Amino acid sequence: MIPIGTDGHLITRAKVEAPVPAAWTGWLDLDLSKAPQARKFRILPPKGPHRVLIGGIVFGKDRLHWPWAQKAELIVQPKDSSTGPIVMSFDPAKILPAPVNQRKITVLDDKGSSVLFKID
């Protein structure tokens, strides 16, 4: 994983690597302290025919699987560049329609293929 600075350039000196054994499942803790100014990160999957399934990304300790607290965006660039990037928002206000998106929204669970919101 390579942090990206606020100017859009890669911070290669702060690159973080984590070897993942085949068929392994679980959480990886990565030390991002070398790039505290980074607000974006590029995840580089292994080269070759290997497949990687990412079941969550959080910053710090969190009971959820995705970065709802930061209202982050995850941008995936498929190998087939004709598809274009896929943007996933973790900001409930950008997911829910008006006027519901103006209310207080709490994420209760995001472990499956859906997310459960509490809307006050």
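Predicted model: local features only at pLDDT ≥ 70, side-chain atom pairs only at ≥ 80, totals over all residues.

Student: Which residues is Phe-117 in contact with, leaving aside its neighbours within four places in sequence?

Tutor: Phe-117 touches Trp-68, Pro-92, Ile-95, Leu-96, Ile-105, Thr-106, Val-107 and Leu-108.

Student: Now the charges. How many salt bridges are there?

Tutor: The count comes to six. One of them pairs Lys-15 with Glu-17, with the closest N and O atoms 3.5 Å apart.

Student: Is Glu-17 buried or exposed?

Tutor: Exposed means over 50% relative accessible area. Glu-17 has 61%, so Glu-17 is exposed. Lys-15, at 37%, is partly exposed.

Student: Where do Lys-104 and Asp-120 sit in the chain?

Tutor: First, the pair itself: the side chains of Lys-104 and Asp-120 meet in a salt bridge, 3.8 Å from N to O. The pair links distant parts of the chain, 16 residues apart. Lys-104 lies in the loop between α1 (92-95) and β5 (105-109), and Asp-120 in the segment after β6 (116-119). Lys-104 is exposed at 56% relative accessible area. Asp-120 counts as partly exposed at 38%.

Student: Which residues form a network with them through shared partners?

Tutor: Lys-118 joins Lys-104 and Asp-120 in one network of salt bridges that share partners.

Student: What about Lys-111?

Tutor: Lys-111 forms a salt bridge with Asp-109, the closest N and O atoms being 3.0 Å apart. Asp-109 is partly exposed, at 28% relative accessibility.

Terms used
Residues numbered from 1 in each chain as written. Heavy atoms only, no water. Contact = heavy atoms within 4.5 Å. Salt bridge = Lys/Arg side-chain N within 4 Å of Asp/Glu carboxyl O. Buried < 20%, exposed > 50% of the residue type's maximum accessible area, 1.4 Å probe, protein only. Helix = DSSP H or I, 4+ residues; strand = E, 2+ residues; numbered from the N terminus.
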